[in-house]
Amino acid sequence: RLPFPRELPAGHALFGILLITLAGAAIRLDVTRGLSLDEIRNVDAAGVSFGTLITHLIHGGVYAPLDPVLLWLVVHVFGAGDTAVRVPGEVAGILTIPALAWLGGEMFDRQTALVVGALGAVSPILVWYSQEASPYALVALFGTLAATGAVRTIRRGAIQDWALYTVAAALVVWSDWSGIFIVAATEVVLLGVAIERRADRPALSRFVASWAVASLAL
């Protein structure tokens with residue numbers, strides 16, 4: 001039993017999520033450690049020309065492209081200081097907090113949204129990833145958005161819901177190859193929904209058609 005009602009007014013919930021996000025941002029911006037060896041290697045790789053970076057990504061095959069490209073932009077605009085190179089991770093980590101709240105609200109209610117957002121704000125692993133010049137904060141953000149999009153496609157199935165799922169799923173894979181496992185999990189869930197709806201032919205046809213287009217785009 002929590003000290004506020006189950007059905008919170010929308011304005012109260014949004015204000016609570018804003019406060020939680022600000023608190024999570026303050027935690028994430030309080031970085032006291034220097035760059036790790038992996039971060040230094042990532043920053044050094046971003047010091048080349050853009051064409052050279054793309055060539056390395058194409059022929060190396062080790063890293064997904066989104067984080068190296070973002071890091072390249074940061075290094076060439078703001079420099080290679082410790083604070084600057086961690087900007088993509090910090091921004092993604094801060095945005096993950098309201099994204100988690102959105103997912104909790106979509107699956108349950110506004111009360112759950114606040115609880116999930118609060119847990120995300122203080123989660124040690126999410127805070128750690130947010131303070132690194134690495135792709136893992138991007139994976140957390142886009143993976144959460146992909147899951148949210150999947151929930152919305154199941155419950156509503158509007159064009160914007162499928163678009164959210166498709167774009168977020170693509171970005172989570174572009175952030176890190178491990179994102180493939182998140183996409184595979186959501187695809188399995190969508191397959192399960194299609195099987196559940198097999199008795200309702202019109203609903204099944206609409207769902208499968210939208211899913212096919214989204215999967216092809218992905």
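Author: Accessible areas come from the Shrake-Rupley method with a 1.4 Å probe, and for residues only the protein chains shown count as cover. This is a predicted model, where local features need pLDDT of at least 70, side-chain atom pairs count only at pLDDT 80 or more, and totals for chains, interfaces and linings use all residues. Residues are numbered from 1 along each chain as its sequence is written, and side-chain values use heavy atoms, leaving out hydrogens and water.

Reader: What area does the nonpolar surface patch with Phe 15 have?

Author: Phe 15 sits in helix α1, residues 10-29 (helices are DSSP runs of H or I, at least four residues, numbered from the N terminus). Together with Leu 18, Leu 19 and Leu 22, Phe 15 makes a patch of about 410 Å².

Reader: Is Thr 166 buried or exposed?

Author: Thr 166 lies in helix α10, residues 159-175. Buried means under 20% relative accessible area, exposed over 50%, partly exposed in between (1.4 Å probe, protein chains only). Thr 166 has 11% relative accessibility, so call it buried.

Reader: Which helices do the buried residues of α2 pack against?

Author: In α2 (residues 37-45), the buried ones are Glu 39, Asn 42 and Val 43. They pack against α4 (66-78) and α5 (82-85).

Methods
Helices (H or I, at least four residues) and strands (E, at least two) are DSSP runs, numbered from the N terminus. Contact means heavy atoms within 4.5 Å. Patches are made of residues with over 30% relative accessible area and no salt bridge: like charges are joined within 9 Å, nonpolar side chains (Val, Leu, Ile, Met, Phe, Trp, Tyr) within 5 Å. A salt bridge is a side-chain nitrogen of Lys or Arg within 4 Å of a carboxyl oxygen of Asp or Glu.
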